[in-house]
Amino acid sequence: MYVDRDGTLNPDLHYLADAARLEVYRGVAEGLRLLRAHGYLVVCVTNQSGIERGFYTEDEVARIHARLNEILEREGTRVDAFYYCPHAPEAGCACRKPGVGLFEQAERDLAIDRAGSALVGDRSLDIEAGTRLGLFTVLVPSRGHEREIARELGERQLAADVVAPSFRAAACHILAHG
Ligand SMILES: [Mg+2]
Ligand SMILES: [Zn+2]
């Protein structure tokens, strides 16, 4: 199953460069534990245009992902793989969400069964990518951005399969959906 990073696993601090500032939302570790205990591989797919924009380097992104797993491992879980798009939106690449390039790459690398997979994200571009792939989509809207996200989804005539109040709740919906 796929998870977005900023705003889904951790508060979105906008172009976070310093791994020491990373925090993980409550309920994320428990949700990931449940999913992994049921055999799901957890793949994080994230847009990191701050690389191309020069706000941080690929090394700094790698440190943030290592730090994220260090925090999660203390709670008995982890993200199994990270995939990121380093490009700015203007680049028109295939890997920036809502493009599905990174998902297809992960499917090839990790032999993921798309039909049994799911996606959790906090923004319309996550739901758009998941919908294109036919995944079971769960929206956990970023706090304070609920209206903006609902408007974006409305404009794109998209809807998540489920809207959940927390990552833990999202995990339960995925397990119930099977
Ligand atoms: Mg996000
Ligand atoms: Zn890209």
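## Around helix α6 and the chain as a whole

Just past α6, G178 adopts a positive phi of about 80 degrees. Keep in mind that this is a predicted model.

Now for α6 itself, which covers residues 167–177. Which of its residues are buried? They are F167, A170, A171 and I174. Look down the axis of α6 and these buried residues fall within an arc of 100 degrees, so they line one face of the helix. What sits over them? The cover for the buried residues of α6 includes a helix, α1, along with the strands β4 and β5. Here are those covering elements with their residue ranges:

| Element covering the buried residues of α6 | Residues |
|---|---|
| α1 | 28–37 |
| β4 | 118–121 |
| β5 | 136–139 |

Stepping back to the whole chain, there are six helices and six strands. Reading from the N terminus, the order goes β-α-β-α-β-α-β-α-β-α-β-α.

How about contacts along the sequence? Take the contacts between residues at least 6 apart in sequence: 66% of these join residues at least 24 apart. As for burial, 35% of the 178 residues in the chain count as buried.

On overall dimensions, the C-alpha trace spans about 40 × 40 × 35 Å along its principal axes. The chain has a radius of gyration of 15 Å, which agrees with a compact globule, because a globule of 178 residues would come out near 16 Å.

Key: Residues are numbered from 1 along each chain as its sequence is written. Chains are lettered from A and ligands numbered from 1 in the order in which they are written. This is a predicted model: local features need pLDDT of at least 70, side-chain atom pairs count only at pLDDT 80 or more; totals for chains, interfaces and linings use all residues. A residue is buried if 20 or more other C-beta atoms lie within 10 Å of its own, exposed if 12 or fewer, and partly exposed in between; C-beta atoms are placed from the backbone. Helices (H or I, at least four residues) and strands (E, at least two) are DSSP runs, numbered from the N terminus. The arc is that of the directions from the helix axis to the C-beta atoms. Two residues are in contact if their C-beta atoms, placed from the backbone, lie within 7 Å. The radius of gyration is taken over C-alpha atoms; the globule rule is 2.2 Å times the number of residues to the power 0.38.
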